[in-house]
Every structure is written in structure tokens, then in C-alpha cells.
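This briefing covers one protein chain.

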Amino acid sequence: MPHPRPERVLPELSGGAPGSLADVAGIRVGHVTDAVGRTGVTAVLPPAGAVASGEVRGGAPGTREFELLAPERMVEHVDAVILAGGSAFGLAACDGAMRWCEERGLGVSTPAGRVPIVVGAVIFDLAEGDAAARPDAAAGYAACAAAAPGPVATGAVGAGTGATVGHVHGAVRPGGVGSASVAEGDLVVGALIVVNAFGDLHDRDRSLGEARWPETFGPSTNTTIGVLATNARLDKTGCLLLAQSGHGGLARAIEPSHTQVDGDALVALSCGDLDAPVEQVRALGARAVHDAIVGVLAC
């Protein structure tokens, strides 16, 4: 049964306004929203030459091209990151992003021409609207075409249109897209997170004794996915470490996180040449992910 969607206003967090992923220079974000079918696509387009890695945690992932993000793999750069609803069906949105990138001459050079590198991750939202409404290649293309350097729309938009949280307590409520950035001096780390979690906003005062754990009701419909970006210069190993710290921020905000019924996936992008200690970048990344999630769930 669809859940009501209250108007969402991001609260002020410690340190001021939450900012967004687009505070990292060169990042563009575009949404395609199907408000009737309750699904959608979010495209994150990095600047040329952005280095990328990522990590998946939890037992139920839905991803595309995540293997190539491992530091030992040959490809270092990505041309687009697609976040989508529709469960595994939604990975078709990546095909549209591939076409959009190909038309613009983006991709890895090969003897047969350039091959775009599009990384994708999806959430399960089929139960929230029309189960036959699934993001397709046209939606992925349109999300890329809509990408802009800011402002970044949040809430029930794009890949977060049909997102929900709170399954653990049996009190399901809307999730959505959240975004935030944290800066120290010239260093900026931003995050955009699609919050569709089995858990809910972390609350130490709330008992887990009455929780509805997965084995008591069968497969659930979850997964939190997102993108971190920084203007710091990182190699693929540094980007992997940033993604791992982003998962730490996710765990600070959502309880429980990384469960067997979540397929939490984060991509980390290095989009600049600022020299900064990788551990400082990681600490800011964890904060940015936490703030992006709290910005959605605290409303």
C-alpha cells in the first residue's frame, strides 16, 4: 500500500545548512521522477577524468559494473553513475546513460571506439506504486540530459520517489533522496543518498526487542544507495577507503544497517586535485553521508 508523502524540508544540521553533492565542483545531478508509478532515476555525472571506486554491503544488492571499481581493476574513471528504482529491472536505465555518453564521445578508448563506463545501483520500490512502472533506458537518458550543477532536488524525487524506511519496527514511512556536503578549508566532500532502508533513523532510546526481524516476515524491500564526491586528489584505493567511511556514516544514521535484506552500495568519486590527507577526506565523507540521511529521515 502506498505511504503518504508529506512535504519535505531539510532541517539545519550542526554546522549550518546541509549543502549538496553538487558543492563539489564539476558534479552534475539529474532526476527523472514517475510520481504515479512511484519510481525514478537519478544520474550523477562527474567531471572528465574523475577517479572512482565503491563498496557494497548487505545481502541483497542490485548493481552494475561494480566489479570494475575495485582498485586492482584496469579502469580508473567513470562517465556516469545511475541510481534507480525498479529493482533489477531498473538497471536498464544504465543503457540509456550509455547512449547519452556515447553520443558525447565519452568512455574508454578502444580499437573499436569509445566504450562509456556507467556504474549503476538500484533500490526495490516495486511494492510502493505500480509494479509495472520501472525505469528504462529512456529514463536513464533523460536523467543524464537533465543533469545540472545545482541546486540538487531532494525528497521524493528521482530514484528516491518510492523509497521507504522503518520496516524493522513495522511502521513503514517515506524515505527519499538526501544530499549534504561538509567542508574544511578548501576541502569539500559531498554525498547524495537514496534512503530505502530496512532500518530507520538511529535512536538509542528505542528498543529493538519488539523489532520485526527479516526471518519473521520473509524478504523485505530495501537498500540504500548513493554517491560521495570530493575535490581531493585520490587514487582508486583512496576512493575505496572513502566509500568504506561513507558506509560508516550510513551506520551512524540508520539502525540496523547493512542487513541481509539491504544491498547498500556507495560509489566514491575523486573530482579534483587538492592535496588532503585521505583520513581527513574519509572523516568528512562519513559526516556527509550521515547528514544527507538525517536530512531526509528527521523530517
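**Lead points**

V294 counts as buried, with a relative accessibility of 12% (buried is under 20% relative accessible area, exposed over 50%, partly exposed in between, with a 1.4 Å probe and protein chains only). The model is predicted: local features need pLDDT of at least 70 and side-chain atom pairs count only at pLDDT 80 or more, while totals for chains, interfaces and linings use all residues. Residues are numbered from 1 along each chain as its sequence is written, and side-chain values use heavy atoms, with hydrogens and water left out.

**Overall fold**

- The chain has four helices and 16 strands; these are DSSP runs numbered from the N terminus, helices being H or I of at least four residues and strands E of at least two.
- Of its 299 residues, 56% count as buried.
- Among contacts between residues at least 6 apart in sequence, 82% join residues at least 24 apart (contact means heavy atoms within 4.5 Å).

- V294 belongs to helix 4, residues 278-297.
- Helix 3 (residues 236-253) packs against helix 4 at about 40°, and their axes are 7 Å apart; axes are lines fitted to C-alpha atoms, for helices over the stretch in contact, and angles run from 0 to 180 degrees between N-to-C directions.
- The crossing of helix 3 and helix 4 is right-handed, meaning that the near helix is turned clockwise from the far one by less than a right angle.
- On the helix 3 side the contacting residues include G238, L241, G249 and R252, and on the helix 4 side they include V281, G285, V289 and V294.

**Nonpolar cores**

- A nonpolar core is a set of buried Ala, Val, Leu, Ile, Met, Phe, Trp, Tyr and Cys residues joined through side-chain atoms within 4.5 Å.
- The largest core has 34 residues, of which L21, I27, V44, L69, V78, L83 and L269 touch the most other members.
- Strand 5, strand 8 (118-122), strand 12 (187-195), strand 14 (225-232) and strand 16 (265-274) each supply at least two residues of this core.
- Strand 16 gives the largest share, four residues.
- A separate core of 31 residues includes I193, L228, L234 and L266.
- Leaving out residues up to four places away in sequence, L83 touches G40, V41, A121, L192 and I225, among others.

**Helix 2**

- Buried residues in helix 2 are A139, G140, Y141, A143 and C144.
- They pack against strand 1 (28-34), strand 2 (39-45), strand 5 (80-84) and helix 1 (93-103).
- D136 caps the N-terminal end of helix 2, with a side-chain oxygen 3.2 Å from the backbone nitrogen of A138.

**Loop residue T161**

- T161 sits in the loop between helix 2 (137-145) and strand 9 (164-165).
- Its relative accessible area is 3%, so T161 is buried.
- A polar atom of the T161 side chain lies 2.7 Å from the backbone oxygen of G158.
- The backbone oxygen of T39 lies 3.5 Å from a polar atom of the T161 side chain.

**Cysteines**

- The whole structure contains zero disulfides (a disulfide is a pair of cysteine sulfur atoms within 2.5 Å).
- C101 is in none; the nearest cysteine sulfur, in C144, is 5.6 Å away.
- C101 is buried at 0% relative accessible area.
- The closest cysteine sulfur to that of C239 is in C271, at 8.2 Å, which is too far for a bond.
- C239 is also buried, at 0% relative accessibility.

Methods
Polar contact = N/O pair within 3.5 Å; in protein donor to acceptor, adjacent residues only side chain to side chain.
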